[in-house]
Amino acid sequence: MELLHRLKNYDAGIDLSMTLRDTSDYKHGVLKKLSSQESESSEVTAMAVEPAAGILAIGSSDGRLRLFGAPPVACTLHVPQGRNAKHLAFSASLRKLICLDTSNAIHIWNVDPQEDVPTYPKLIKTYPMRNSVTGIVTSPSHSQMFILTETGEIIAYDLDRHWLTSYTVPNMWLKHEEKLKLSGITPRNDTTPPTVMDVVIHPRDMNKLFIVYELGVVLWDIAQRASIRVYELILHPGAPGGGSYSEEELFSERRPATTCLSIHPSGHFFAVGHIDGCISFWAVEDDDRPLAVRTLKDPFSLLDVHVPDPLALTEFEGAKTPIPAREPIFKLAWSGFKNSSSDSGFGEFHETALTILGGTSPSEGKGVTILRFPALVVPETQSGSSSQTEGGMEPSIRQALKNTLFLSRGPDIDPECDTPPDKLEAARTRLLENEVVEDFLLLPSKSPHISGSFDPIGILCLSSSTTGAGTSHKDILRAFEFPSAPGTKTSPRLRLPASLLFDFSTPEDVTLGAQVHKINSREQFGQLIQYWVNYGDNGQSILGKRLPTLSAGGAWTNFSGENAPSTKLSKFDYHRLLITHHGDLTVRFYDISPQLLLSNSALKFEYPQILPHLTIELQRALQLLHSKTTSSQESIQVQSVIFAQSSLEVAVVLSSGEVLIYKFKEGGSPTQAYDIPAVDNTRIVSLDPVLTAADRRMDVFHPLCAIRGDIAAAVTSCALSGVGFLAIAYDSDSLIIVDLRGPRIIWADDWAPKEKAKDKMGAVECMNWTISPGLGEELRHGVHLIITHQSVGGYRRAPRCSKRLQVYRAPQSHFLNCAGPFEWKRVAPYPYGIAESNDRRSNSP
């Protein structure tokens, strides 16, 4: 919101050319809001992706649904009556978006884009449900949507004909308990019907549903309308389970509640998450006992917690403090990968990955855990074999399924040898391990099958941070590349669309300031964007590549609107850059030129179009400047950014009093030659060691030097000229001027007020470089620095003091010096604290 405030007030002032302007050629209007939030407390309530079409949908607590597709495509839908979206889902086969709101009403939009025809998603149906709905489930292979109710019933809704069908699935867990009662078993005393937590469609048999109830899982046959199997985890006395039970519970039989389910791509076995933090693995053909029950405790592959463990009991009895509870397993997603373009399966016989939200203890960190499992190797079975288990499975097949649950050992480890636990557990990746992640969404490459978890190339994580006095929370969205190899410790970031970056950024990424610059020279603007035009999004910046799954739809410029500009005149307008600086010590550049919107066909670029190759990462320079004091780096922030368009230089003022200078250079340019005098070595530091080999090959802002300030002194004003001069004023009543072609300091002055001085000057309030003729006999144009000091006297309307310095070349010397003060005088106070200049020849940057 601060960014919008700054942009709204940018370039506000008196228009001195009103009589020369054709008012019909200049129509002011809002091109695009960079932040679409109604309030700063807006939260993400639902997420969904349709990989086949390339659409991402984000629902927020302000009653909006934001859809993102191809780079220029971003639209906002409003939930009727301003309700919040509780669940979002796509019907891939029918190209429809379904939203369940907080009032249990279902809304359906048509999101089928028409080729070369600008169409907007249309709300085609709203259906209020009488029962309380806990969720909705869609499938790319079904034209029906399954509605989960609080009473445990499942209702089918026809998305093609838009009506509620008569097909219902009763609460099968109640029927299961009735059978147990007939056998003399009383499963529970609670008479409340168990709620349906989730419904997962079998990846190999579209006729089967896995219905997840609070107490177990039921395998349902859609055509026969009958249950096939029931899976219920029972922990026998002494079994540690999730490891958070009291002594009384530990030595009794327990049935941990189920929370979620995900199926292996082969469809032969599946994983069930439980509320005590353990994960049970079941073979589909065996509902008597699980294949394994494990937690995220190391080593994952060797500890089964559903059988009594003497060592665990000893640890429990000897513990002086209660064993900390594990988080429940909130979400599971089991992914297969495509090994080649000719692979028509779901990667069931290749390496798989299980993505887990929750299940960690306080000592194990937080975040999202990704486990890598080896390929499933199904042994050949002999026909007519009678060696079967009680559940009807051959022992060899059951053992093959269990072998798959050992984490991948990597290509450099011999599977026949005994492997140390540290290498055995190398196939574990933890994302955002120091943060509480509330939800995640896998981003498949193209296929919507296997519940949207097949061949993921990215993962979108939702977390939150506490703001203010700890009473409010701010949601954070971040995307990462899905780990491509077992044991990947870190994963590169993916770049979200611009509006999501501004709305749901981290506290470190928050926008601290913004400014807009008109680029007068088309040649210079072409230099800045040439690398982007030639190579596009290479993902080498800290922001990463744009989400690769978003490709749907198209955007067109409306030239017939009320404030539509003239295309003939707008193409001659100046190009414009939006420069923002952020809390993560980055300076980012956006192209907001009107030329991006001038096209009679579908637009190709995002607006504003971020230029990731121009991003300035200050952290690397700070590591050089503060190599011995890492603690001081955490409190440093960007105070201001000054851009000189004629020289393509950037000065970044830090809160620590240092000023970093960056200069744009094309790839392959010769290395900067430094000629820093010995007397300036303590104040001027070369930043050439910060450059990497990749930076030297790219068209980027190269770090030039850093100017250290006075000890414990902050910068009050900084001015960067377009001809290679930098002026810095400090609150310690000192001023320095630097010739960046050395670099070297050519002027140093202080104006500490004397006790008997007639005219006292306060701290520098504003400085500005200008090229103009001098005063008196100095008729030639020269480089002048106009300095305005704050008022002294303790009252607001006190007069300010202004003076002028001129840069000149010393006789018989190649060095530049400053002569001054030439003129200084009292000036009337300006409303905004800036000295007003009437010199029309001034070309200050």
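## Strands and rings in a predicted model

Strand S5 and strand S6 (residues 96-101) run antiparallel and are joined by six bridges. Strands here are DSSP runs of E with at least two residues, numbered from the N terminus, and two strands count as paired if DSSP finds at least two bridges between them. Before going further, please note that this is a predicted model, in which local features need pLDDT of at least 70 and side-chain atom pairs count only at pLDDT 80 or more, while totals for chains, interfaces and linings use all residues. Residues are numbered from 1 along each chain as its sequence is written, and side-chain values use heavy atoms, with hydrogens and water left out.

Back to the hairpin. Phenylalanine 90 has leucine 97 in S6 as its bridge partner. Four residues lie between the two strands, and arginine 95 takes a positive phi near 55 degrees in this hairpin. Strand S5 covers residues 85-91 and is mostly covered, with five of its seven residues buried; buried means under 20% relative accessible area, with a 1.4 Å probe and protein chains only.

Let us move on to a sheet. Five strands form an open sheet with antiparallel pairing, in the order S35-S36-S37-S39-S38. Its edges are strand S35 (638-644) and strand S38 (684-686), each pairing on one side only. From one strand to the next, the twist averages 25 degrees, with strand axes taken as lines fitted to C-alpha atoms and angles running from 0 to 180 degrees between N-to-C directions. Within this sheet, seven bridges connect strand S37 (residues 659-665) with the antiparallel strand S39 (residues 700-707). Tyrosine 662 stands opposite proline 703 in S39.

Now for the rings. The structure holds 15 aromatic pairs, where rings of Phe, Tyr and Trp (its six-membered ring) pair if their centres lie within 6.5 Å, and planes under 30 degrees apart count as stacked, over 60 as edge-to-face and the rest as tilted. One of the pairs is phenylalanine 589 with phenylalanine 701, stacked at 5.1 Å centre to centre with 15 degrees between the planes. Phenylalanine 589 lies in strand S32 (residues 586-591) and phenylalanine 701 in strand S39, so the pair ties together parts that are 112 residues apart in sequence. Both phenylalanine 589 and phenylalanine 701 are buried. Elsewhere, Phe210, Tyr231, Phe270 and Trp282 form one aromatic cluster.

Charges can sit over rings too: NZ of Lys or CZ of Arg must be within 6 Å of the ring centre and within 35 degrees of the ring normal.

| Charged residue | Ring | Distance from ring centre |
|---|---|---|
| Arginine 294 | Phenylalanine 406 | 5.5 Å |
| Lysine 331 | Phenylalanine 440 | 4.8 Å |

Note on methods: Buried means under 20% relative accessible area, exposed over 50%, partly exposed in between (1.4 Å probe, protein chains only).
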